[in-house]
Amino acid sequence: MSERVAQRAEQIKYGWPKSVEEKLKKAEKLHARERISLLLDQGSFREDGLFANERDPSLPADGVITGTGTIDGRAVAIMANDQTVKAGSWGARTVEKIIRITELAYNELLPIFYLVDSAGARITDQVELFPGRRGAGRIFANQVRLSGRVPQICCLFGPSAAGGAYIPAFCDVVFMVEKNASMYLGSPRMAEVVIGERVTLEEMGGARMHASVSGCGDNLVGDDEGALRAARAYLSYLPSSYQDSPPLEEVMDPIVELDDSMIPIMPQQGYDMHAIINAIVDAGSFFEIKPLFATEILVGFARLNGASIGVIANNPMSKGGVLFGDSADKAARFIWNCDAFNIPLLFLADVPGFMIGSEVERQGIIRHGAKMITAVAEATVPKISVIVRKAYGAGLYAMCGPGFSPEATIALPSAAIAVMGPEPAVNAVYYNKIASIEDPEEREEFIRSRREEYEKDVDLLRLASDLVVDVIIEGRFLRQELIDRYERARRRDRFFSGRRHGIPPV
């Protein structure tokens with residue numbers, strides 16, 4: 001390499017002025033190249049397009065760094081906005097570089113990481129970067145083609161503005177740095193001018209809002225390093241592509257042994273389902289996704305005997321574990337993700353059903369619930385449903401009940417399956433009779449006796465007798481039961497239906 005080229009390469013890579021370093025330090029941010037260095041195995045990065053827009057010295061690499069490297073020895077593709085170059089904004093060559101790295105990820109079956117910190121498109125370059133066949137729209141078209149083919153992982157360190165906000169939106173997971181990351185189609189200033197709304201950036205598109213309200217962000221992290229650690233950890237549960245199996249890790253015993261006494265007998269009593277998960281999976285392996293969003297349902301990756309599984313669990317500690325529209329969406333997307341990348345599913349059911357009332361009906365809860373049930377039905381990876389306590393109404397279907405081809409429906413001794421709980425069932429059937437009994441004691445005795453009849457009708461042994469559940473098992477034996485059943489299901493046929501794709505409710 002000539003001295004002139006070498007000097008220019010060094011200047012592009014490391015020639016930012018001291019004022020930039022001070023600005024980054026004040027914002028508690030790392031430079032894009034530092035982020036790449038922390039994410040990848042040391043010395044593994046191979047950069048493409050370093051000299052993009054070389055004729056304009058103020059735009060080193062045209063504000064985006066792209067290339068390939070390895071994480072724990074596994075090849076990956078990288079796109080990182082350089083926030084020190086016009087706030088990471090996009091020009092025509094920026095867009096071309098992003099298109100090329102997504103095409104490379106597609107062709108070479110590489111997981112792709114998007115390290116996003118960008119103010120959006122440069123309006124001065126809009127004709128060159130926006131409308132054409134190789135314009136910005138091609139990035140999103142490529143992301144859709146990549147979806148389910150290879151993992152797409154986003155770390156959001158700063159803004160992701162306007163059309164650029166769709167890069168995180170099309171990713172499988174988005175780790176957002178609290179206080180620095182934001183995502184929005186229109187800025188607060190634009191909102192005030194166009195629709196007369198006055199709102200702060202945090203309210204409009206801040207990290208915590210997206211992680212807890214909109215669901216567009218998955219997990220909050222405290223700083224840049226935390227986002228990169230989370231991204232590496234996330235990849236460790238996944239294969240490199242849809243053609244591969246997830247990697248195996250060292251087997252770890254659970255933190256505690258599952259004991260039936262950990263599950264309250266009274267169906268209305270809350271408890272934290274995290275404790276049940278941690279008593280089943282390998283110690284410290286549960287990687288929860290969207291922990292602040294729709295907390296009535298828990299989803300996340302874990303390891304069982306060293307192998308990756310996806311966990312979907314109702315959480316009675318939050319809203320009684322009732323399913324809402326957001327919880328159905330959260331679960332559906334996670335199920336689709338696991339199914340795309342060959343990760344078996346474990347359902348832990350303790351669900352009163354879907355929420356009722358005019359508010360949720362207006363929000364389309366039927367549509368959202370149907371989306372979750374669609375995802376359950378379409379999943380062809382091994383699925384096991386464990387009825388931890390109650391599984392009422394369509395909640396049973398959403399949690400992969402017997403009609404959805406699980407490898408097994410396993411009941412713990414505390415399990416109950418029914419159209420609805422005893423109290424609403426008795427009230428629904430005998431409302432007029434109950435209302436006609438004037439004596440309070442007589443009324444209470446009538447309700448009690450009808451409830452006993454109802455509970456006897458859906459007794460757990462009867463359900464096993466009728467083959468509704470495949471096995472009733474004590475909690476301390478559940479882990480080994482799951483290990484054995486998943487192992488036997490490894491070679492199952494994954495054909496679902498001869499078609500192009502379904503038309504799921506949205």
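Colleague: What should I know before I start reading?

Modeller: The model is predicted, with local features needing pLDDT of at least 70 and side-chain atom pairs counting only at pLDDT 80 or more, while totals for chains, interfaces and linings use all residues. Residues are numbered from 1 along each chain as its sequence is written, and side-chain values use heavy atoms, leaving out hydrogens and water.

Colleague: Which residues are the buried residues of helix α10?

Modeller: Buried means under 20% relative accessible area, exposed over 50%, and partly exposed in between, with a 1.4 Å probe and protein chains only. Helices are DSSP runs of H or I with at least four residues, strands are runs of E with at least two, and both are numbered from the N terminus. In helix α10 (residues 207-214), the buried residues are A207, M209, H210 and A211.

Colleague: What do the buried residues of α10 pack against?

Modeller: Taking contact as heavy atoms within 4.5 Å, they pack against β6 (173-177), β7 (182-184), α9 (201-205) and β8 (219-221). Just after α10, G215 takes a positive phi of about 80 degrees.

Colleague: Why does E28 count as exposed?

Modeller: E28 counts as exposed because its relative accessibility is 64%, and this residue lies in the loop between α2 (18-26) and α3 (32-39).

Colleague: Where is D493 placed?

Modeller: D493 is in the segment after α20 (478-488), and with 60% relative accessibility D493 also counts as exposed. Although D493 and P382 are 111 residues apart in sequence, their C-alpha atoms are 9.7 Å apart in space.
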